[in-house]
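Please follow the account below with the sequence and the structure side by side.

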Amino acid sequence: MSLKVELKPGERLIIGNCVVTNSDQRTRLFIDGRAPILREKDILTVKTANSPAKRIYLAVQLMYIYDDVERMRKDYFILVNEIVTAAPSTTPIVDEINNEILTGSLYKALKAAKKLIQYEQDLLANAK
């Protein structure tokens, strides 16, 4: 079954290690095969990963895009230890991310990392 992706004008998409940029019209793509795919709205860069949870997301994103957990393992665990030490209540979400990584479900790990970003934002909002 194909993955259907609709892109807005100018929207970008990562497929594997390639960036696809849409032209000035809406486009519908049907993608068959097994390759990491991320929409522009789900992509973080080093510059936009400006919080502990976002840096964890970026590490998982790189694992997913390059299909290489080992490449980011050390950095990932440093980041995870820092966030759990600073905010122990993040442990259940971090455990969920870890479990998805261990089972090779890197896209699901990304989704869990998105939950961690939201949780972090909620914690900061409540602290104010």
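Tyr107 has a relative accessibility of 40% and therefore counts as partly exposed, a category that lies between the limits of 20% for buried and 50% for exposed. This residue belongs to a predicted model, in which the protein chain has an average pLDDT of 94 and 100% of the residues score at least 70. Among the elements of the chain, strand S3 (residues 18-21) has the lowest mean pLDDT, 92, while helix H3 (residues 91-102) has the highest, 97.

The whole structure holds 2 aromatic pairs. In one of them Tyr107 is paired with Tyr64 in a tilted arrangement, with 5.7 Å from centre to centre and 55° between the planes. Because Tyr64 lies in helix H1 and Tyr107 in helix H4, this pair ties together parts that are 43 residues apart in sequence. Tyr64, at 13% relative accessibility, counts as buried.

The rings of Tyr76 and Phe77 also form a pair, which is edge-to-face because their planes stand at 75°, with the centres 5.1 Å apart; the cut-off for this class is over 60 degrees. Tyr76 is buried, with a relative accessible area of 1%, whereas Phe77, with 35%, is partly exposed.

We turn now to the strands. An open sheet of 3 strands, paired antiparallel, has the order S3-S2-S5. S3 and strand S5 (37-39) stand at the edges with a single partner strand each, so one side of each is left without a neighbour in the sheet. On average, and with direction ignored, neighbouring strands of this sheet are turned by 20° against each other. Strand S2 (residues 12-15) and S5 run antiparallel and are joined by 3 bridges, and Ile15 stands opposite Ile37 in S5.

How values were computed. Residues numbered from 1 in each chain as written. Predicted model: local features only at pLDDT ≥ 70, side-chain atom pairs only at ≥ 80, totals over all residues. Heavy atoms only, no water. pLDDT = per-residue confidence, 0-100. Helix = DSSP H or I, 4+ residues; strand = E, 2+ residues; numbered from the N terminus. Pairing = 2+ DSSP bridges. Axes fitted to C-alpha atoms, helices over the stretch in contact; angles between N-to-C directions. Phe/Tyr/Trp six-rings, centres within 6.5 Å; stacked < 30°, edge-to-face > 60°. Buried < 20%, exposed > 50% of the residue type's maximum accessible area, 1.4 Å probe, protein only.
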